[in-house]
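Colleague: I would like to go through this model feature by feature. Please give the general idea each time, then the case at hand.

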Amino acid sequence: MEGDPIVSTTASSLCSLLVVRENEEMTSHLRQKFQSLTVSSRSEDAKDGELTSENREEMERTRIQTMKALILKQDPSAKDVDDLMIRRFLRARDLDVDKASAMFLKYLKWRREAIPNGFISPSEISNDLAQNKLFMQGYDRAGRPIVVIFPARHKPASTTVEEFKRFNIYGLEKICARMPSGHEKFTSIADVQGWGYVNSDIRGYLAALSILQDCYPEGKLLIINAPYIFVAVWKMVYPFIDKNTKKKIVFAEDNKLRATLLEDIDDNQLPECVGGPLKLVPIQEC
């Protein structure tokens, strides 16, 4: 009957069910296609012993497109996401499309909730900015921006875990904005000299670590001038770091500090705090 609310509701429900069924069938098709490609790739691996760089790039390109299609079926807001970002999440999950897709969808949901306006205002993080603990300057040999952190300037008593989380998001957004085209990672130097228990903030560190690992590009982290007390606290945080991130963390020995830095950074790109020519720029001025 025309205008009957029961008929209208039933029709609407059937349409919704058909759409869901269609999406499920498309997703199933994409997964089958991906599995077929994976089996083919593994056969080639067994045949040739190991992937050439060209084969790996082709595999990544294929999986990026498969992953994008899977994500778009569940979250159309991802239509403008570039391939570099997709590749970053894919690599973070060892090229596993299902795991990387789940991670990326979680990131999109997190971003809508954590950054509803699309940015963090400096007025929201005034206490952390006043501590003057995060800087940028120069580029490493791969063309990635260099970030310098002074953990001994972090004063947990002068901020809150929530503000510290927003401060980390603010900094990471600034870093991403400074990345040259074609790059997706950065190199960090954490100068821990002078760090003590007054700077210890396990809850804050774990919150920041979760944001970094799940939502932003990771690069190499060089920890320098680490006192024994810091190493003791570090052991408490270390188990919460995922295996891919652990591979990118290096403790520089005091007597090999400059040599360790020069493995990744040219002498003329070193910040002044480690004997280089470049004056540090506070993150809020980047």
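Colleague: Which residues of the largest nonpolar core touch the most other members?

Modeller: In soluble globular proteins, nonpolar side chains tend to be buried together. A nonpolar core here is a set of buried Ala, Val, Leu, Ile, Met, Phe, Trp, Tyr and Cys residues joined through side-chain atoms within 4.5 Å. Buried means under 20% relative accessible area, exposed over 50%, and partly exposed in between (1.4 Å probe, protein chains only). The largest such core has 39 residues, and Met-67, Ile-71, Phe-104, Trp-110, Ile-175 and Tyr-216 touch the most other members. Two or more residues come from each of α2 (53–74), α3 (83–92), α4, β1 (134–139), α6 (161–178) and α7 (202–215). The greatest share is that of α4, which gives eight residues. Helices (H or I, at least four residues) and strands (E, at least two) are DSSP runs, numbered from the N terminus.

Colleague: What kind of model is this, and how are residues numbered?

Modeller: This is a predicted model: local features need pLDDT of at least 70, side-chain atom pairs count only at pLDDT 80 or more, and totals for chains, interfaces and linings use all residues. Residues are numbered from 1 along each chain as its sequence is written, and side-chain values use heavy atoms, with hydrogens and water left out.

Colleague: What is the mean pLDDT of the protein chain?

Modeller: pLDDT is the predictor's confidence in each residue, from 0 to 100. Its mean over the protein chain is 84, with 82% of the residues at 70 or more. Residues 5–49 fall below 50, and this stretch has 20 contacts in the model beyond near neighbours in sequence. Contact means heavy atoms within 4.5 Å. Where pLDDT is low, the predicted coordinates should not be read in detail.

Colleague: Is Ala-100 buried or exposed?

Modeller: Ala-100 counts as buried because its relative accessibility is 0%. Ala-100 lies in helix α4 (residues 97–114). Leaving aside neighbours within four places in sequence, Ala-100 contacts Met-67, Phe-89, Leu-90 and Arg-93. Its C-alpha is 9.8 Å from that of Ile-71, 29 residues apart in sequence.

Colleague: Where is Glu-60 found, and what is in contact with Glu-60?

Modeller: Glu-60 belongs to helix α2. At 4% relative accessibility, Glu-60 is also buried. Beyond neighbours within four places in sequence, the contacts of Glu-60 are Arg-87, Leu-90, Arg-91 and Leu-95.

Colleague: What is the strand order of the sheet?

Modeller: Two strands pair if DSSP finds at least two bridges between them. The sheet is open, with six strands in the order β5-β4-β3-β2-β1-β6 and mixed pairing. Its edge strands, β5 (249–251) and β6 (281–282), each pair on one side only. Strands β3 (residues 187–191) and β4 (residues 221–224) run parallel and are joined by four bridges. Ser-188 has Leu-221 in β4 as its bridge partner.

Colleague: How many disulfides does the structure hold?

Modeller: A disulfide is a covalent bond between the sulfur atoms of two cysteines. The criterion is a pair of cysteine sulfur atoms within 2.5 Å, and the structure holds zero. Cys-215 is buried, with a relative accessible area of 5%, whereas Cys-273 is partly exposed at 28% relative accessibility.
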